[in-house]
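Open the model in your viewer and get ready to select a few residues. We will go from one stop to the next, and each stop tells you what is there.

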Amino acid sequence: VRVRAEKSEVYPDCNSACAEVFRFRRVQGNHPDTLAHMRDSRLPSVAVQNIFCIGRNYAAHIAELGNRPAGQPVVFTKPTSAIHHPDQPIRLPAHSSEVHFETELVLLIGKGGRHISRQEALSHICAVTVGLDLTARDVQNHAKQNGLPWDTGKGFDGAACLSPFVAFDAAPPLSTFTFSLQINGELRQNGQVSNMLYPVDELIAYISTVFTLQPGDLIYTGTPEGVGPLKPGDHLQLALNGQVLSKFDVA
């Protein structure tokens, strides 16, 4: 794991937290796919700890899938083996015939904690990006209809696609952020963080009442409407605030 030990004058909490924690986690042979890579050189690449995902956080997406609002954030997890970076093609899993894309704002936690207040929540974020929560929809629907867990529909290898992260210092506010997905040159999803049913500060506060957040944790914050299936040959382009951060090809 690459660690930059010196503190940043701009992001002291993030860099000091990452350096302190990951100094003790340097293991030879750590797989590069389990790192959160940085586009912003002020931050080091860090090892991902936990991947938390939020479901049903945009009203139009809830409606398009025929679901109901849950009354509180819906939280599920993915294994770190699901992380996928754009330097390798997306390979659709053999156990599904209907893999959907779900484009999301992704947070990287730089300072951990438990029972984090909403007022302090944003200070625990050190970087943000846009990612894909790939979903084996047929597998997930079958599991839900039978009252079974749907980990195999959400946590398969490559199901957590990540763009490089950029540093976050709350200026401009996250509520002004937008993110988008183009497939084969066509705009397919266009998300506005201001449309979240549960804002980012509330998500962090809520998750931290159940789980102790750690530096290196990721939070996928939910997808807007427009989800749909991927097919071999698709070319994907992910953007944050109008800036292209990554491209993925489907094998």
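Rings of Phe, Tyr and Trp (its six-membered ring) make an aromatic pair if their centres lie within 6.5 Å; planes under 30 degrees apart count as stacked, over 60 as edge-to-face and the rest as tilted. The structure holds 3 aromatic pairs, and we will visit two of them below.

Before that, some ground rules. This is a predicted model, in which local features need pLDDT of at least 70, side-chain atom pairs count only at pLDDT 80 or more, and totals for chains, interfaces and linings use all residues. Residues are numbered from 1 along each chain as its sequence is written, and side-chain values use heavy atoms, with hydrogens and water left out.

**Stop 1: Phe-52 and Phe-211.** Select both rings: this pair is tilted, at 4.9 Å centre to centre with 45° between the planes. Because Phe-52 lies in strand 3 and Phe-211 in the loop between helix 6 (200–210) and strand 14 (218–220), the pair ties together parts that are 159 residues apart in sequence. (Helices, H or I with at least four residues, and strands, E with at least two, are DSSP runs numbered from the N terminus.) Are these two residues buried or exposed? Buried means under 20% relative accessible area, exposed over 50%, and partly exposed in between (1.4 Å probe, protein chains only). Phe-52 is buried at 3%, while Phe-211 is partly exposed at 33%.

**Stop 2: Phe-76 and Trp-150.** Now select this edge-to-face pair, with 5.2 Å centre to centre and 65° between the planes. Phe-76 lies in strand 4 and Trp-150 in the loop between helix 4 and helix 5 (151–154), so the pair links parts that are 74 residues apart in sequence. Phe-76 is buried, with a relative accessible area of 12%; Trp-150, at 23%, is partly exposed.

**Stop 3: Asp-40.** Go to the loop between strand 1 (35–36) and strand 2 (46–47), where you will find Asp-40. Which residues does Asp-40 touch, leaving aside its neighbours within four places in sequence? Show Phe-165, Val-166 and Ala-167: Asp-40 is in contact with these (contact means heavy atoms within 4.5 Å). Asp-40 is buried, with a relative accessible area of 13%.

**Last stop: the whole protein.** Zoom out and colour by secondary structure to see 6 helices and 17 strands. Of the 251 residues, 50% count as buried. Among contacts with a separation of 6 or more, 77% join residues 24 or more positions apart.
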